[in-house]
Amino acid sequence: MRRLEVVATLLILSPIAASALGAQSPSGTLRGRLTDAGRVSQAVIEVRVELLGTNFQTRTDSTGKWTFPGVPAATYTVVITPANWLALRRVVTVRAGEVVDVSFELPRAPVRLAALVATATRPLHVIGHLPDVRDNVIYAGKKSEVITLDSLHANLAQDVERQILGRIPGANFSETAGAGFPSNGVGFRGLNPTQSVEMNTRQNGVNIAADLFGYPETYYTPPSEALDRIEVVRGAGSLAFGPQFGGTINYVVRQGALATRPSLSANLTSGNFGLLNAFSAVAGGTARSTYYAFVDYRDQGGWRPNSDFRQVTAYGSATLHASERLTLGFDYTLFRNRIHMPGGLSDAEFAKNPRQSFRARNWLASPWNIFATRLRYQFSPTTSWETVLSYLAGDRHLVWRSEGGGPQALDTVDPATGAFVPREVERETFHNGTIESRLRFEHSWFGRPSTTAVGVRLGLNHMQRFEGGPGSTGADFDMSLYGGTWERALRFETTNTAAFVESLVHVSDRFSITPGARVEYVRSSAAGYTDVTSSFAPRSLGYPLFGLGVAYITSSATALYANVSQAYRPVLYSALTPFGSIARVDSSLHSARGFNADLGWRGTIGNRLKLDLSAFYLHYGDRIGSRTLNDGVGGTILETANIGNSTHTGVEAYLEFDPPGLTGIDLFTSFAYVDAHYTSGVFGGNRVEQAPRVVDRNGVTYSRGRVATTAQLSYTSGSYGDANNSMAPTGNAAAGFVPAYTVLDLSGQFQLDRTTMLSLGINNLANTRYFTKRTDEYPGPGILPGMGRSVYLTIGSRF
């Protein structure tokens, strides 16, 4: 209640404080329209518009119009960048209290130009932040980052996250590629990075995790070569996108452009340990429609024995601009894989040789299908509506020599039978249907320009889990049952409804506030049988969430931002179903609740320095975990319950600098310090597990003419593998210390000609021995080593 009172007080006092600033810095409004006289529908939509060297950026709406309210009086350069056209520029002067109209028109026909060789004087900035409003979502006052893939020199063919997402301060990765499980995870601010379980993971705005409310593990992410950008919103994204303390990460796939011929692209990558990756895509559009499709095939023998895998990803999208107001879209994603898992290692085994494997019979597959349909309608230049209907059908099944006995229990032939012990089979299926609808409208609030976004969400999730199936004694990829049935069979269902509203109010020309609220209702039920019980009580939970963001423009290119937003994490399915006769669930078990707070300053200074400096505070209340209790008859029982609170405080900094006099050189640093520890409960005073205090990445990029290269040094400090903060390793290696490590990566590109490019890189140049995770389950148990040095070469063509 105390935290709700604080938030309510801020909501009341912020307009009062803001009004005191209302007289500052005279400003005006800049607006315009982009048209194409050669098309039936003259409006040119979804084209980027920006004021050069400032934070003002947007896209043209369904009528080709755009608006920048509250622009400080000064002279600016408006830059509009239509697809397949040269950028359009115009110098304008904004005067206090005036509205300036600027119109742009594309030529009626393309003009043939003489051949031109352009030399970049400085590299493109890779990282930015989201505009105040995009796609009917308000981002003003929130900490956000956007990674632009075309400006990034990194290993896209293998999706090396520390290179792709490494510039986002504090990004901590769970690297399991060395264990034959390529779906690495990411976490921020001391939260669990395993398969991104603390994140709201999306593709084109659609949830792609297995089950957001009951099983939020991510088994699929799109190949980086297909991405336009990656958007990250920290904990403040809970109001617009739903619960998760870690925030939202959205992978945005490329799109076609209107009125363009088909363009083809193809990349072929080869590397150490049998790496082969083949990516091909096609994009284009007519006067009223666009399309984009890709196919990606990846195969690798593996850094360790028994860690080979292969996977294929296919995607297709089509968008129809039925009129100036109505847009319809559809996309489908197919993902298929087969993964050989070499198992984990004990501490002694890792120290001796991190590349060895003692599991040859462990396999996993996670076929994934995602369907999405979008409808957008522009009621007027100030009001737009979007509804997204999505359906996910996924499956995760594995056959393995189970974790019993830990990594030191060798998987060997039984002398009595002359065969291996039977393996265990597990299978989970996921069917999730979701509809999200958002309405955005521009209006006036006490005479000041404002934007309000409201929305609703309905989700129906269905999961089936089968465990303990008797598998074969063989070593191949065989998911069949032999001589019996499942030891445990469960069916979970979750219904989620939510309504939310946020409003961006420009209290003055420089100062804005964004109050918001969200109401969540979740009902979870389970049916089936385990080795304990076959009766499960459904759980219904309802939560209101509140938040407040503020922003203050300190100059034409810098701004302060602050945000306080509540979040919660639902009770997962695993907590509803205890396994074993000495386990139970606390009858008062409830969701974890808390909030995120941010305060920062971001923007550019001059033409050479880009920065984002911030501090944060995260309160994670009533965390869910296990505790040991007396059973009343002289024994003990393991109970799943709310075990205590944790706080996470720290600073995050991103700096990108182009030194004067050094043409083409770009220096960057991405730094985070996190103090995450338990403040109550049985682990009170201990550090939170899998929460390194320091994540520091530094690098240099050189780009001139046809050559571009990046060197990045990544340091991650030590952390604990368990909440007990065990230093000495346990028998199964699931608990113990995770030592600090430093990894150096190199990547480069060379443009052979107008259509062909070579990319070359070395991952982990120093061949550092390290690991990021200990686990007591698949793909372990034990230590999961990070991959050693590897080299890759890519040749890419565009037609």
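Leucine 276 has its place in strand β19, which covers residues 275-285; helices (H or I, at least four residues) and strands (E, at least two) are DSSP runs, numbered from the N terminus. This is a predicted model, in which local features need pLDDT of at least 70 and side-chain atom pairs count only at pLDDT 80 or more, while totals for chains, interfaces and linings use all residues. Residues are numbered from 1 along each chain as its sequence is written, and side-chain values use heavy atoms, with hydrogens and water left out.

Let us stay with leucine 276 for a moment. Its relative accessible area is 37%, so leucine 276 is partly exposed (buried means under 20% relative accessible area, exposed over 50%, partly exposed in between, with a 1.4 Å probe and protein chains only). Together with Leu268, Tyr297 and Ile795, Leu276 forms a nonpolar patch on the surface, and the four have about 330 Å² of accessible area together. Patches are made of residues with over 30% relative accessible area and no salt bridge, with like charges joined within 9 Å and nonpolar side chains (Val, Leu, Ile, Met, Phe, Trp, Tyr) within 5 Å.

Now step back to the whole chain. Its secondary structure comes to five helices and 47 strands. Of the 799 residues in the protein chain, 56% are buried. The accessible surface comes to about 31500 Å², and carbon and sulfur atoms account for 58% of that surface; accessible areas come from the Shrake-Rupley method with a 1.4 Å probe, and for residues only the protein chains shown count as cover. Take the contacts (heavy atoms within 4.5 Å) between residues at least 6 apart in sequence: 67% of them join residues at least 24 apart.

Side chains of opposite charge can pair when their charged atoms come close. Here a salt bridge is a side-chain nitrogen of Lys or Arg within 4 Å of a carboxyl oxygen of Asp or Glu, and by this rule the count comes to 38 salt bridges. What does the side chain of glutamate 145 meet in a salt bridge? Its partner is arginine 234, at 3.1 Å from N to O. Glutamate 145 lies in strand β11 (residues 144-148) and arginine 234 in the loop between β16 (227-233) and α3 (238-241), so this pair ties together parts that are 89 residues apart in sequence. Both glutamate 145 and arginine 234 are buried.

Arginine 234 also meets glutamate 652 in a salt bridge, at 2.7 Å from N to O. Glutamate 652 belongs to strand β37 (residues 636-657), so its pairing with arginine 234 ties together parts that are 418 residues apart in sequence. Glutamate 652 is buried too, with a relative accessible area of 2%.

Elsewhere, arginine 374 and aspartate 331 meet in a salt bridge of 2.5 Å, N to O. This pair links distant parts of the chain, with arginine 374 in strand β24 (residues 368-380) and aspartate 331 in strand β22 (residues 326-341), 43 residues apart. Both of these residues are buried. Returning to arginine 234, salt bridges that share partners join Lys143, Glu145, Arg189, Arg234, Asp598, Asp612 and Glu652 into one network.

The aromatic residues come next. Rings of Phe, Tyr and Trp (its six-membered ring) pair if their centres lie within 6.5 Å; planes under 30 degrees apart count as stacked, over 60 as edge-to-face and the rest as tilted. A search of the whole structure finds 25 aromatic pairs. In one of them, tyrosine 678 and phenylalanine 683 have ring centres 5.6 Å apart and planes at 50°, so the pair is tilted. Tyrosine 678 is buried at 3% relative accessible area, and phenylalanine 683 counts as buried at 12%. Ring pairs also link Tyr215, Tyr219, Trp368 and Phe430 into a cluster.

Some rings have a charge over them (NZ of Lys or CZ of Arg within 6 Å of the ring centre and within 35 degrees of the ring normal). The charged end of arginine 338 sits over the ring of phenylalanine 477, 5.6 Å from its centre. Arginine 623 lies over the face of tyrosine 620, 4.4 Å from the ring centre.

Finally, look at two loops. Most residues other than glycine have a negative phi. Glutamine 690, though not a glycine, has a positive phi of about 55°; this residue lies in the loop between β38 (665-678) and β39 (694-704) and is buried, at 14% relative accessible area. Asparagine 725 has a positive phi near 60°. Its place is in the loop between β41 (719-720) and β42 (737-738), and at 16% relative accessibility asparagine 725 counts as buried.
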